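This report walks through a few parts of one protein chain. Please keep the sequence and the structure in view while reading.

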Amino acid sequence: MSLKSTVIIIFSVLMLACGSKKMQSGDAGTLNRIGRDYVTLGLEIGQFDPDFVDAYYGPDSLRPKAAKDTSLFPKDSLLSRVSALKKELGALTASTDNDSTRTRAEWLNAQLTAFERRIKIVSGENAPFDTESKELFDAVAPVYSEQYFQSLIASLDSLLPGKGALPDRFQQVATRFVIPKNKIDTVFQVAIAEARKRTLQHYKLPYNENFKLEYVTDKPWSGYNWYKGNYQSIIQINISQPIYIERAIDLACHEGYPGHHVFNALLEKNIYRDKGLQEISLYPLFSPQSLIAEGSANYGISIAFPGDASRQYCKQVLIPLAGQDTTGFDTYFNALKIRSSLNYARNEVARGLFSKTMTDKEALRWLTNYCLLSEKGAVDYLRFIRKYRSYVINYNYGQDIVKKYIENQSGSDEAKRWQSFEKLLSNPVKASDLLKATKN
């Protein structure tokens, strides 16, 4: 081969490389613009749907001007804008050979599919429960019959003392472990501090991360994290409901460490601030992001308190703080293990209500008989289902998806679980990604 030919070949390769880089740079520019449009669209939907935007910490310049009349929901124009963005993303996905570009585009596309479904819901256009959950959260939870829950409940019969209806016997044991109102703040402050200490042993969080703890009443949920950006959260605990001793640890982890607060802080730092991806500054509640958020927050309890650690911490630290004794402690916590497997009954209640195959009365029976909720708890959860609809699958099915993924990645090695969990919390992913990664 001549020197001239060699020079021509090298020049051609360099030109192709430059062209490839230019294409990838162009893809990034297109995605950045779509990301900004996605944020402004989501914020505009939030003007009409007050539950839509759970958090936003991007620039005020992307916020829309106040709508003149929020009673006139612009369904068609909003759907048209969603469709246009999805069309662009589809073209980009089809033309790129860059994995990062494709992954980012597919995540945005799934989020926009949820925008479409939520716009239709707000407009009064409903779909079957499983269709809704697939479009909103990228997942369809398994279906279980009433006989399935009856068989689980039967295993509690010999465990709980006394006679009479099993839900009543469970409540008699559980009532001993309700945190007195005057002890709630003390117990929660200690539980959150412990969850935070355990998390910081494994993660380096932003130096200024913090939260404010508030107590509220008359909510359909037991706890809520309002992420404010700049690594700050408001954690609210609903004290209208009885709060059982184990819930202090559950909520401390779920709402705080390593749950919602850590999830949002890591996304803000690693994706929004370090990489400049605008879209992550918006957290739409009704989107695939929520299945990962709720599933990881629930699974995070067992990350921070593995094995029997939660049970022992309750017995040795929180119960004395609450001024309780340990009579019936083992019975109660053994019953809680069985009750956790009953959580899918909540999905069946939601399915039944929205397919109109279950009345409110029947729904309350399921929530007390199979979820073992108190009468007050059942009424409040019925309110939750009415408001949040198929969102219920994010807690149980979301947790199972995250659990399977993390344990598939790290086995029983606790240090590796923390590492895999941090990676999950630090990247925009969706349920189908995790299911695909763990598919046999």
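## Helix α17 and its cover

In helix α17, the buried residues are Trp418, Ser420, Phe421, Leu424 and Leu425. The model is a predicted one. The cover over these buried residues of α17 includes α7, α9 (260-273), α10 (288-304), α16 (393-410) and α18 (431-437).

Helix α17 covers residues 414-425, twelve residues in total. From its first C-alpha to its last, α17 reaches 16 Å, close to the 16 Å expected at 1.5 Å a residue.

## Helices α7 and α8

Two packed helices are described by the angle between their axes and the distance between the axes. For helix α7 (residues 184-200) and helix α8 (residues 245-256), the axes come within 8 Å and cross at roughly 45 degrees. The two helices α7 and α8 are therefore oblique to each other, and their crossing is right-handed.

On the α7 side, the contact is made by Val187, Phe188, Ala191, Ile192 and Ala195. These meet Ile245, Arg247, Ala248, Ile249, Leu251, Ala252 and Cys253 in α8. Sorted by class, the contact of α7 with α8 has eleven nonpolar residues, no polar ones and one charged residue.

## Helices α8 and α9

The axes of α8 and α9 come within 3 Å, with a crossing angle of roughly 15 degrees. The angle is under 35 degrees, so α8 and α9 are roughly parallel to each other. His254, Glu255 and Gly256 in α8 meet His260, His261 and Val262 in α9. By class, this contact of α8 with α9 has one nonpolar, four polar and one charged residues.

The loop between α8 and α9 contains Pro258. A cis peptide bond joins Tyr257 and Pro258, with omega about 5 degrees.

## Two residues with positive phi

Most residues other than glycine have a negative phi, and most peptide bonds are trans. Tyr231 is not a glycine, yet its phi is positive, about 70 degrees. Tyr231 sits in the loop between β3 (223-229) and β4 (232-238). Its relative accessibility is 9%, so Tyr231 counts as buried.

Leu372 also has a positive phi, near 60 degrees. Its place is the loop between α14 (360-369) and α15 (375-388). Leu372 is buried because its relative accessible area is 2%, under the 20% cut-off.

## Lys212 in strand β2

Lys212 belongs to strand β2 (residues 210-216). Leaving aside residues up to four places away in sequence, Lys212 touches Ser233, Ile234 and Ile235. Along the chain, Lys212 and Gln232 are 20 residues apart, and their C-alpha atoms are separated by 8.0 Å.

Note on methods:
Residues are numbered from 1 along each chain as its sequence is written. This is a predicted model: local features need pLDDT of at least 70, side-chain atom pairs count only at pLDDT 80 or more; totals for chains, interfaces and linings use all residues. Side-chain values use heavy atoms; hydrogens and water are left out. Axes are lines fitted to C-alpha atoms, for helices over the stretch in contact, and angles run from 0 to 180 degrees between N-to-C directions. Helices (H or I, at least four residues) and strands (E, at least two) are DSSP runs, numbered from the N terminus. Angles under 35 degrees count as roughly parallel, over 145 as roughly antiparallel, 65 to 115 as roughly perpendicular and the rest as oblique. A crossing is left-handed if the near helix is turned anticlockwise from the far one by less than a right angle, and right-handed if clockwise. Contact means heavy atoms within 4.5 Å. Ala, Val, Leu, Ile, Met, Phe, Trp, Tyr, Cys and Pro count as nonpolar, Asp, Glu, Lys and Arg as charged, and the others, Gly among them, as polar. The expected span of a helix is 1.5 Å times one less than its number of residues. Buried means under 20% relative accessible area, exposed over 50%, partly exposed in between (1.4 Å probe, protein chains only).
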